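Reader: Hi there! Could you take me on a close look at the ligand site in this model, and then at the parts of the fold that go with it?

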Amino acid sequence: MIQAVISGTGLWVPEHSVSNEELVVAFNAYVDLFNASHAAEIAAGTRQALEHSSAAFIEKASGIQRRYVVDKTGILDPHRMFPRIPARADDEPSLMAEVAVKAAMQALAQAGRKPEDVDGVICAASNMQRPYPAMAVEIQQLLGAQGFGFDMNVACSSATFGIEQAVNAVRAGTARCVLVVNPEITSGHQEWRDRDCHFIFGDVCTAVLVEAKDSCVAKEQWEVLGTQLATQFSNNIRNNFGFMNRCEDTPADARDKTFAQEGRKVFKEVVPIAAAHIERHLQKHGFKAHDVRRFWLHQANLSMNQLVVKKLLDTEPNADIAPIILDEFANTASAGSVVAFHRHRADLAPGDLGIVCSFGAGYSVGSVLIRRTQ
Ligand code: CO8
């Protein structure tokens with residue numbers, strides 16, 4: 001069987017950053033406006049008053065300090081509370097494709113590859129800007145890549161599920177160099193007016209290049225020892241936005257048309273699922289958790305990641321064993337574990353073992369077991 005390696009990664013970061021403090025000022029101004037405009041109903045008990053958010057709560061509950069976003073003016077406008085992203089003409093590159101190309105070029109440069117060496121593009125993300133033509137086909141064209149392109153969505157696990165498809169294509173010989181991109185414009189489907197989740201997400205795009213080992217020219221290579229995917233249905237993270245909405249005659253801005261979750265249930269249910277998944281994956285390859293030099297975990301919640309590591313290693317986690325990037329980026333959906341891998345791997349030595357693992361809506365868990373070979 002042809003062996004697959006990860007030969008490069010890339011990261012595109014938006015230029016705007018929003019601190020918890022800035023976010024809370026805007027949110028609280030929105031709450032005051034809302035409560036003032038519904039004062040009579042609130043007084044009559046027919047509507048509930050909204051409550052203020054707090055920066056201290058956000059950091060304590062999640063570990064998030066700030067997030068990058070494509071546009072902050074719309075998000076911080078209490079009369080709007082979502083980003084301003086101008087529409088583009090059909091003959092202009094779409095936003096998701098544009099940022100994917102930026103991240104992809106970094107991954108290609110790291111791998112010593114040119115766009116024409118790529119013979120497969122997978123755009124794996126929590127949301128697509130449009131149903132068709134596939135984002136991946138536009139990215140393929142903008143890059144000048146060969147072969148095929150397709151989109152896929154498994155919410156926060158999209159990146160690891162995408163890497164498995166790339167690895168399978170290389171192993172099967174149907175492609176030799178597959179680009180997986182994760183343009184996560186989460187600010188477009190985050191509910192900025194809901195106190196329970198207005199702080200959770202940030203925008204970013206990651207790219208991972210997967211190649212056949214026998215022709216890889218990258219200075220740094222990570223052999224993919226195996227991948228493992230699992231899903232289990234849950235409504236605890238849900239978004240009902242979709243093409244059937246207008247047929248259903250439901251309001252376009254109804255609360256269920258943006259991200260919603262039962263955060264505490266997700267926390268409790270997903271931690272054991274993720275820890276058991278990683279343990280099972282390692283066992284399958286004859287390893288134990290203590291053999292792993294680094295865990296690049298999904299970046300949704302600091303305590304969640306600490307608990308997963310504690311369950312696996314039975315010791316207090318630290319940034320060396322499981323690096324955290326959510327303080328700076330917030331939850332970037334499927335890109336989070338790849339951002340952690342991109343930023344925190346240079347110090348590992350040939351022979352070191354690591355695991356990239358994402359978990360989230362679905363529920364879904366995906367893990368990629370890798371070893372640095374050079
Ligand atoms: N400010 C102040 N107080 C608040 C706030 C706030 N902003 N929000 C809630 N509170 C209050 C609550 O009202 C509650 O008060 P009380 O105790 O009086 O009832 C108290 O604080 C505690 O509230 P919670 O129990 O909700 O708080 P938690 O400690 O559980 O923290 C978290 C909330 C941070 C959401 C936490 O539960 C969490 O991180 N859970 C895991 C979430 C997770 O991993 N989700 C994965 C989703 S990502 C994914 O799969 C991708 C989806 C697709 C991408 C979509 C992109 C937009």
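Author: Happy to: below I go through the ligand site, then the helix packing, then the backbone.

A word on conventions comes before the details. This is a predicted model, in which local features need pLDDT of at least 70 and side-chain atom pairs count only at pLDDT 80 or more, while totals for chains, interfaces and linings use all residues. Residues are numbered from 1 along each chain as its sequence is written, and side-chain values use heavy atoms, with hydrogens and water left out.

Let's start with the ligand. It is surrounded by 27 residues, and the closest are Cys 156, Gln 261, Arg 264, Asn 301 and Ala 361; a residue is counted here if one of its heavy atoms lies within 4 Å of the ligand. By residue type, the shell divides into 12 nonpolar, 12 polar and three charged residues. In that sorting, Ala, Val, Leu, Ile, Met, Phe, Trp, Tyr, Cys and Pro are nonpolar, Asp, Glu, Lys and Arg are charged, and the others, Gly among them, are polar.

Which atoms of the ligand lie 2.9 Å from Arg 195 and Gln 261? In both cases a nitrogen atom of the ligand takes part: a backbone N or O atom of Arg 195 lies 2.9 Å from one, and a side-chain N or O atom of Gln 261 is 2.9 Å from one. Asn 301 has a side-chain N or O atom 2.7 Å from an oxygen atom of the ligand. The cut-off for such a polar contact is a pair of N or O atoms within 3.5 Å. The protein covers 76% of the 1,200 Å² of accessible area that the ligand has on its own, with areas from the Shrake-Rupley method and a 1.4 Å probe.

Now for the helices. Helix H3 (55-62) and helix H8 (263-284) each supply at least two residues of the shell, and H8 gives the largest share, four residues. Helices are DSSP runs of H or I with at least four residues, strands are runs of E with at least two, and both are numbered from the N terminus.

H8 also packs against helix H9 (residues 302-313), at an angle of about 40° and with the axes 9 Å apart. That makes H8 oblique to H9, and their crossing is right-handed. Axes here are lines fitted to C-alpha atoms over the stretch in contact, and angles run from 0 to 180 degrees between N-to-C directions. Angles under 35 degrees count as roughly parallel, over 145 as roughly antiparallel, 65 to 115 as roughly perpendicular and the rest as oblique. A crossing is right-handed if the near helix is turned clockwise from the far one by less than a right angle, and left-handed if anticlockwise.

H3, for its part, meets helix H1 (residues 20-37): their axes come within 9 Å and cross at roughly 125°. That makes H1 oblique to H3, and this crossing is right-handed.

Finally, the backbone. Most residues other than glycine have a negative phi, and most peptide bonds are trans. The bond from Gly 362 to Tyr 363 is cis, with omega near -10°, and Tyr 363 is found in the loop between strand E12 (353-360) and strand E13 (364-372).

Methods. Polar contact = N/O pair within 3.5 Å; in protein donor to acceptor, adjacent residues only side chain to side chain.
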